[in-house]
Amino acid sequence: PCRSVLTVACEQTEVLLFDPISSKHIKTLSEAHEDCVNNIRFLDNRLFATCSDDTTIALWDLRKLNTKVCTLHGHTSWVKNIEYDTNTRLLVTSGFDGNVIIWDTNRCTEDGCPHKKFFHTRFLMRMRLTPDCSKMLISTSSGYLLILHDLDLNKSLEVGSYPILRARRTTSSSDITSSGSSGPRAVGSPCHQNDSGPLSEKHMPRSSQREGGSPRNSLEVLTPEVPGERDRGNCITSLQLHPKGWATLLRCSSNTDDQEWTCVYEFQEGAPVRPVSPRCSLRLTHCIEEANVGRGYIKELCFSPDGRMISSPHGFGIRLLGFDARCSELVDCLPKEASPLKEIRSLYSHNDVVLTTKFSPTHCQIASGCLSGRVSLYQPKF
């Protein structure tokens with residue numbers, strides 16, 4: 001968070017640490033895990049967590065990198081995502097076993113942390129918390145986006161214990177107002193419900209209802225519209241949140257893997273939602289087609305710290321995208337209908353497919369990493 005260290009998760013078992021100012025290599029954790037390292041998350045300026053295909057999460061301290069603080073066991077398949085609630089100091093992880101697990105880092109020992117399964121869904125790809133930790137978003141390989149509203153991480157969600165807001169396909173504003181009470185598809189539904197679809201409102205626990213609004217941990221199931229994908233399914237491979245919580249950023253690929261899109265969806269809070277009302281929290285505002293190079297690999301994109309730009313892997317480089325040519329704030333250039341993202345600049349320095357990119361949280365600097373292991377740093381010339 002203070003930009004003193006750049007950490008890199010590698011396809012093998014390594015974690016690399018660099019000084020982003022001097023570009024010097026600091027240290028290699030050669031056996032950080034027993035399989036591919038997938039994600040790294042800093043809890044503060046010294047403590048960070050890594051997750052791996054070896055099904056574990058490891059905690060590390062920058063002041064003592066020779067040994068792990070502890071190893072966390074709980075997932076049964078590849079662990080792909082780490083989030084952290086700074087309010088409760090709870091670590092949140094998700095994996096291809098479909099589980100979202102909560103870890104209590106307040107009571108961490110050498111043997112691990114107390115943990116519990118918070119949520120489960122099929123086809124899980126990525127999980128994110130909004131900046132204020134009031135919502136959890138989960139993307140799936142079947143094209144669904146799940147949103148848990150008014151999040152309460154202290155309550156585990158078993159099947160049937162959470163109210164489900166009627167699913168909607170995120171489309172234009174005219175479609176949103178006219179589509180009424182259309183429900184989700186029963187086939188391929190992401191949650192472990194019965195085949196008849198989500199629970200009806202009459203099964204919502206009365207204790208979870210709150211006057212004038214949605215109950216805690218109410219679940220919304222969406223199939224976000226992707227340009228060119230009206231008649232075909234898609235896979236949501238990458239999921240990021242706007243730093244101010246205004247929007248979500250998705251990287252989607254078609255089921256046939258011949259198209260790839262970057263899409264921005266604005267959060268629409270609106271009036272309090274009644275149990276009998278359908279809900280659609282997201283509206284597609286901007287999108288752009290991607291190069292679709294490196295099929296089968298997930299490309300992680302990101303917002304800039306101020307939310308005005310998007311850095312997106314594009315073939316052997318990255319593209320800097322804006323909501324308009326002046327890199328205006330999203331709220332200042334919201335279109336009535338979905339508009340193309342504007343390409344501000346393209347940067348190419350790799351000899352292989354770029355898989356990840358990240359803005360520095362404090363400086364004018366961008367990092368990118370490609371499939372062959374090369375890391376590039378970019379800074380503007382003033």
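User: What classes of residue make up the lining of the second largest pocket?

Analyst: Eleven nonpolar, six polar and three charged residues. Ala, Val, Leu, Ile, Met, Phe, Trp, Tyr, Cys and Pro count as nonpolar, Asp, Glu, Lys and Arg as charged, and the others, Gly among them, as polar. Do keep in mind that this is a predicted model: local features need pLDDT of at least 70, side-chain atom pairs count only at pLDDT 80 or more, and totals for chains, interfaces and linings use all residues. Residues are numbered from 1 along each chain as its sequence is written, and side-chain values use heavy atoms, without hydrogens and water.

User: What makes a space a pocket rather than a cavity?

Analyst: On a 1 Å grid over the protein atoms alone, a cavity holds points where a 1.4 Å probe fits but cannot get out, whereas a pocket is an open set with protein on both sides within 12 Å along at least five of seven lines. The second largest pocket has about 410 Å³ of space, a volume filled by probe spheres set on grid points joined across faces, edges and corners. Its lining numbers 20 residues, and M309, L320, C364, I366 and P380 are the closest to its centre; a lining residue has an atom within 4 Å of a point. Strand β25 (residues 342-348) gives the largest share, three residues; strands are DSSP E runs of at least two residues, numbered from the N terminus.

User: Why is E343 called partly exposed?

Analyst: E343 sits in strand β25. Its relative accessibility is 45%, and buried means under 20%, exposed over 50%, with partly exposed in between (1.4 Å probe, protein chains only). So E343 counts as partly exposed.

User: What makes the link between E343 and S346 a polar contact?

Analyst: Their side chains are joined at 2.3 Å, and the definition asks for N or O atoms within 3.5 Å, one able to donate a hydrogen and the other to accept it; residues adjacent in sequence count only if both atoms are side-chain atoms. So the 2.3 Å pair falls within the cut-off. Leaving aside neighbours within four places in sequence, E343 is also in contact with R319, L320 and L321, that is, with heavy atoms within 4.5 Å.

User: Which residues touch the most other members of the largest nonpolar core?

Analyst: V100, F118, F119 and M136, out of 20 residues. Such a core joins buried Ala, Val, Leu, Ile, Met, Phe, Trp, Tyr and Cys residues through side-chain atoms within 4.5 Å. Strand β12 gives the most, three residues.

Methods
Helix = DSSP H or I, 4+ residues; strand = E, 2+ residues; numbered from the N terminus.
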